[in-house]
Amino acid sequence: MVKTRDSKRRKPVTHVQVPEEIIVEILSKLPVKVLLEFKRVSKSWLALISSLEFIKTHLNSSANNKEYYNHRVILKDMKGKLKDCSLRSLLYNPITKASEIDYPMKEFDIMWFGTANGLICLAYMEKPYDYEYGFPKKTWPSSGKNICIWNPSIRKWKKLPRFSAMRMSCLFCRYGFGYDELHDDYKVVVMFADT
């Protein structure tokens, strides 16, 4: 190999350290699916992307994105299956295709009780019911419901412990789900009456 004058003058490549604030700013604008892949880049990126502070930064960035590039809408079809589509496509295109999505309790009949910050509170029956005109043929007894919190972005869910009152049959039962800013926590509320 012949060495030229230019090759002698080249300096070795040095690695540049990018400040963490800039990395956080860039990563907070990416879709969740990409971030899940980026967790594999290094241990420091895994720790960063998994941290509560980054999760809140990413959630805030996504919520304030008025272009709706990463926003999805989840719908329940006539057979009770969940499907999703792009919010941007739904707003700006005359026809939008909804795709079937994977969710943890596909084999069960589900009811949707609320959403907060991308989390969805679902209840599901142990035994699926047949549908008639898009509604279950039988009503749900309160004792048959299991409640879970599902994060469709990362495809994870957590089954909540059963309420002791849910073991008995009740006449009236309603659920609610939301975010408690004061305690920085999510709450499931169950209202029931047996008379």
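Select Tyr 175 to begin: with a relative accessibility of 10%, this residue counts as buried, where buried stands for under 20% relative accessible area, exposed for over 50% and partly exposed for what lies in between, using a 1.4 Å probe and protein chains only. The model is a predicted one, in which local features need pLDDT of at least 70 and side-chain atom pairs count only at pLDDT 80 or more, while totals for chains, interfaces and linings use all residues. Residues are numbered from 1 along each chain as its sequence is written, and side-chain values rest on heavy atoms, with hydrogens and water left out.

The ring centres of Phe 113 and Tyr 175 are 4.5 Å apart and their planes stand at 40°, so the pair is tilted; rings of Phe, Tyr and Trp (its six-membered ring) pair if their centres lie within 6.5 Å, and planes under 30 degrees apart count as stacked, over 60 as edge-to-face and the rest as tilted. Phe 113 sits in strand β4 (residues 110–116) and Tyr 175 in strand β10 (residues 172–180), so that the pair links distant parts of the chain, 62 residues apart; strands (E, at least two residues) and helices (H or I, at least four) are DSSP runs numbered from the N terminus.

The whole structure holds four aromatic pairs. One of them joins Phe 38 and Trp 45, a tilted pair with 5.7 Å from centre to centre and 50° between the planes. Phe 38 is partly exposed at 28% relative accessible area, and Trp 45 is likewise partly exposed, at 22%. Selecting Phe 177, Tyr 179 and Tyr 186 together shows one aromatic cluster.

Turn next to the charged side chains, where five salt bridges are found, each being a side-chain nitrogen of Lys or Arg within 4 Å of a carboxyl oxygen of Asp or Glu. Among them is the bridge between Lys 56 and Asp 184, whose closest N and O atoms are 2.5 Å apart. Because Lys 56 lies in helix α5 (residues 52–63) and Asp 184 in the loop between β10 and β11 (185–193), this pair ties together parts that are 128 residues apart in sequence.

Asp 180 and Lys 187 form another salt bridge, with 4.0 Å between the closest N and O atoms; Asp 180 is buried at 19% relative accessible area, whereas Lys 187 is partly exposed at 36%.
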